[in-house]
Every structure is written in structure tokens, then in C-alpha cells.
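This report describes a single protein chain, going from its overall build to selected local features. The sequence and the structure are shown first.

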Amino acid sequence: MSESAVTWIKLDRSAGDLEGQISRAIRERILEGRLPPGQRLPSTRALATALSVARSTAVQAYDHLRDEGFLDTTPGAPTRVALIRPGPFPSGPAPVALLAPPPFITQPTGLFRPGVPDLSSFPVAIWARCLGARARGLRIHDLGYTEPAGLAELRHAIIDHVSVSRGVVAQADQVLVLPSTAIAIEFLSRLMAPADRPLTAWVENPGYRVAWSLFRAVGAEVVPVPVDADGIDVARAQGPAPDLIYVSPSHQYPSGATMSLPRRLAVLDAARQTGALVLEDDYDSEFLYDDRPLACLQGIDRNERVAYLGTFSKVLAPGLRVAYAIIPRWLIGRAIAALQDTAGLVPVHVQAALADFIREGHLRAHIRRMRPLYAARMAATADAMEAICGTELIVGQRAVGLQLAVWFRDASVDDVAIVRELAERRISGRALSALYLTHPRPGLLLGISTATQADAASLARLILQLLYEQRATAANRPSENRH
Ligand SMILES: Cc1ncc(COP(=O)(O)O)c(C=O)c1O
């Protein structure tokens, strides 16, 4: 690519975020195959001169694309397009034997509860001001049956937010405002259910049990697909072709893995080949501690196969009950028709207040304020687990989100019993073995949102103690199995 060739990067200076515009243009070009693997890119200095931007802007754009896996940059060597290839996609159905999922333990609210943000940091005064202003100033037309897909102001505010923060490429008419991700999953699975046979849903194993239950509630066959440190591996899927593929690429639930770029492309390729809709659950991607977020699947999809699911449950508070689905254009008509009967599911003043909250910059400010706090709490929890229980536990990825997975090295540990013991002390970890459809591995899922260093160290010591007690009890058991 010569310098003059970068004329295809068209910058809109009035729109701001020049770095984002440059990285999007290059990413687009790579995904279209017009910048092949190995292709040399101009130096950051040459790119900056050609586009009349600061050198640092060009450097940041390249760094961002490198972090996403699109570029190879080695100091002293030219920057090149990385070799990225989706993995092979299996053809033909193969039967799978599913184990019955173990019973799920309902947790009391307590310390280390996964999935709940630090509610004491919720910006109560600002939220109350937004809500009060909108409750007092409701316009007459807002008081009737509102738009079934949600208030236009909120849908625009959501698009503005996720297009900048997550690289979503969509317009406001693709947004459905719904009370929760769970309702979005249920709604979209009903919408995608074939008339003449049960729906097939590919899900991550381990994964989000709530999604499995919702799929089963519409009669779906749920097919577990293995997850490793790079996220879901669709090349290893065994089962009928999917109608839905449920994934959590930014922060895999519960393992914490961030899906690598080749795996992202493999998921999109599987969806393109089978006509499946990918449900991309981006539930706590706002809290990324190490780096810039990877662009979401929705933003790199070229075949309209992704529904992006976002929620305010983690970034603000689950009690608000506001989430959203950003759906492909071809699904809008069916979705609106199906929502017509419910005439909107989130109260209008809450939607209007949230639109103001986002547009006035309070959401961005809240994320900026919480990110370093959560980063410190994640580090405190992971460090304590490693330092105190490292010989017994493998600590999962700690780069994103509000929860940390830890696995017991000893596969015979009864994690459900340990969780029960923890619950008696008002500690609300979750047993990882209960989050597998097949091949369960024992471990704990720990919420980090309110963890202090002292809490984390006490928890780590308690886990060790419970583990030793469990071993001692097993060793002292009558010897009927030991002949
Ligand atoms: C994987 C995953 N997705 C989404 C959510 C958010 O769900 P909702 O919007 O239904 O509160 C959670 C909450 O725990 C979750 O764990």
C-alpha cells in the first residue's frame, strides 16, 4: 500500500474520533479482503502526513488494530496485515449425548456475588435528577402507548454510545429496548424458531445457564460447544446446524476468556454458512482493564448475522431493568410486529431519563470512574487467589469484567459443597461445575465488584480451609469404596 493508496481513508473531521475512523477504515478494508495478509502498511509517520493527523493518532490506530489481531507490528519492522483465518467449520450433523445439568444453587445476596456491580457507587443524585426532570416534564404523546421498540431518543443515545465504545455499526431503528438480556434472548429465540421443527441453539460450554433455560423453554435443542482460552471453538461443534449461536466474546461467561479474532471470524463464518443468527451477549464489556476493547462481532460482521445484546445491569444497576438488542435490518419487521402486542416493555420516563443520562455524558463518566476501582478489585481478588491458593487453584483471565473464574486443580473437589459452605457465611460464589453442559470442571465464579484486599485474602484462606476439610472428611469416610 503506497502512501497515495491511503486516499481510501476518508476522514470526517467534524465527527471527531479520528483514530477510530482510521482504524475502522483499515479494518473494513482487511475484512473485505482488499488488504491481504502480509500486505505492508505505510509507516505511522507517512500515514499521519498523508491524512494530516497527528502522528500519535496514527500510532493509536495501528496499536488498536494490532491489539485486535488485525495487524502485526514489530518495532523496527514495517507494519503488515496479520495472517488471520477462521478455523475450519465442520459439516454434517453428529449426534451428541448431553448430561443432565446439575441442580443450580440459588445464592443469597452477599459478598463476591457474580454479576452484580457495586451498587453503592450508583450515581443516585444524577440519576434522580434525570428521572425527576422527565417524570415532571412528560410530553402528552409519551403518555399513550409508546413505540413498541422503545423511545427514539433512547435508541439514538444507545447507538451513539455503542458505536463509539464497542464498534457497533447500526442505526437507531435496529435497536429494541427491552427490560433485560434474558428477555432479549427469549424474544429472539421465539422469533427465530422454525415453524416445522425444534430450534437448534449452539451454546458455549461452560456457559450462561439462563440462556440454556430460555432456549429450552421454546423447545430448542441446546448443543454445547467447547470453550478454551480463545473463546468458543465452533470447529469442534458436534450436532445439528444451528439456528442460533449464543456467545459472549468480550468476556466469556463464566471463564472470562476474550474471544480471539480467528475465533470471531469462525463464528461469523459458521453463521454465514448455516444462516444462523449469532446472539452476541456483551454484558460487561465496558470494564476492560488491560487494553482497548476488541471491536464487537456485530461490528465486523458483513452478512447481517449478528444480534448484539447489551444491558445496563452491569454498567449501572440491574434494578433499572433496561437492556437492548441491536438486530439485523432483515429482522426489524418481524420484531416490531411481535412487539406490537406488548406496546413497549420499559416505562417511558425511565427510557427518557436514561437517554438524557447517556447524552449528558454521565454514563461515560460513571464508566471512567468505576473502571480503575473495578480493576483494583479484580487485581486484589486474583492476586489473593494466586498468592494464597495458587497450589490448589488455576486463576482465570482477569482482563475484563466484574467476575473471576478459578478452577480447582484437583478435579475431584466438590465445588457445589464448597459453595454451600460459603453461602452459610454470606459469600455468594457460584459453582463452576454447574455451568457446564458436559465435561464439568470444579471451580468457583467470584464477583469482584465490591472486593477489598482484606475480603479477598480472607476468602482465599477460607477456600483453602474448606478444601482441606473436604479432603479430611473424604479420607475419614467409612472405607466401603476402598476395598
Ligand atoms: C452472561 C450474562 N449476560 C447477561 C447478563 C445480564 O442480564 P440482564 O440484562 O438479564 O440483567 C448477565 C447477568 O448476570 C450475564 O451473566
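## Overall build

The protein chain contains 15 helices and 14 strands, where helices (H or I, at least four residues) and strands (E, at least two) are DSSP runs numbered from the N terminus. Its radius of gyration is 24 Å, close to the 23 Å given by the globule rule for 483 residues, so the chain is as compact as a globular protein of that length. That radius is taken over C-alpha atoms, and the globule rule is 2.2 Å times the number of residues to the power 0.38. The C-alpha trace spans about 80 × 65 × 55 Å along its principal axes.

This is a predicted model, in which local features need pLDDT of at least 70 and side-chain atom pairs count only at pLDDT 80 or more, while totals for chains, interfaces and linings use all residues. Residues are numbered from 1 along each chain as its sequence is written, and side-chain values use heavy atoms, with hydrogens and water left out.

## Burial, surface and contacts

Of the 483 residues in the protein chain, 54% are buried. Buried means under 20% relative accessible area, exposed means over 50%, and partly exposed lies in between (1.4 Å probe, protein chains only). The accessible surface of the chain comes to about 20700 Å², and carbon and sulfur atoms account for 54% of that surface. Accessible areas come from the Shrake-Rupley method with a 1.4 Å probe; for residues, only the protein chains shown count as cover.

Contact means heavy atoms within 4.5 Å. Among contacts between residues at least 6 apart in sequence, 74% join residues at least 24 apart.

## Packing of H6 and H7

Two packed helices are described by the angle between their axes and the distance between the axes. The axes of H6 (residues 181-192) and H7 (residues 209-217) come within 9 Å and cross at roughly 30°. Axes are lines fitted to C-alpha atoms, for helices over the stretch in contact, and angles run from 0 to 180 degrees between N-to-C directions. The crossing of H6 and H7 is right-handed; a crossing has this hand if the near helix is turned clockwise from the far one by less than a right angle, and is left-handed if anticlockwise.

On the H6 side the contact is made by Ala182, Ile185, Glu186 and Ser189, and on the H7 side by Val210, Ala211, Leu214 and Phe215. By class, the contact has six nonpolar residues, one polar and one charged. Here Ala, Val, Leu, Ile, Met, Phe, Trp, Tyr, Cys and Pro count as nonpolar, Asp, Glu, Lys and Arg as charged, and the others, Gly among them, as polar. Glu186, in helix H6, is partly exposed at 28% relative accessibility.

## Backbone exceptions

Most residues other than glycine have a negative phi, and most peptide bonds are trans. The peptide bond from Asn205 to Pro206 is cis, with omega near 5°, and Pro206 lies in the loop between strand S4 (200-205) and H7. The bond from Tyr253 to Pro254 is cis, with omega near 5°. Pro254 is placed in the loop between strand S7 (244-247) and helix H8 (261-274).

Glu304 has a phi near 55°, a positive value in a residue other than glycine. It lies in the loop between helix H9 (297-300) and strand S9 (306-311) and is partly exposed, with a relative accessible area of 38%. His439, not a glycine, has a positive phi of about 50°. His439 belongs to the loop between strand S13 (430-431) and strand S14 (443-447), and counts as exposed at 66% relative accessibility.

## Individual residues

Val227 is in strand S5 (residues 221-228) and is buried, with a relative accessible area of 17%. Not counting residues up to four places away in sequence, Val227 touches Glu204, Asn205, Pro206, Ile232, Gln252 and Ser255.

Pro37 sits in the loop between helix H1 (18-31) and helix H2 (44-51) and is partly exposed at 47% relative accessibility. Pro37 and Leu83 are 46 residues apart in sequence, and their C-alpha atoms are 5.0 Å apart in space. Neighbours within four places aside, Pro37 is in contact with Val81, Ala82 and Leu83. Leu265, in helix H8, is buried, with a relative accessible area of 14%.
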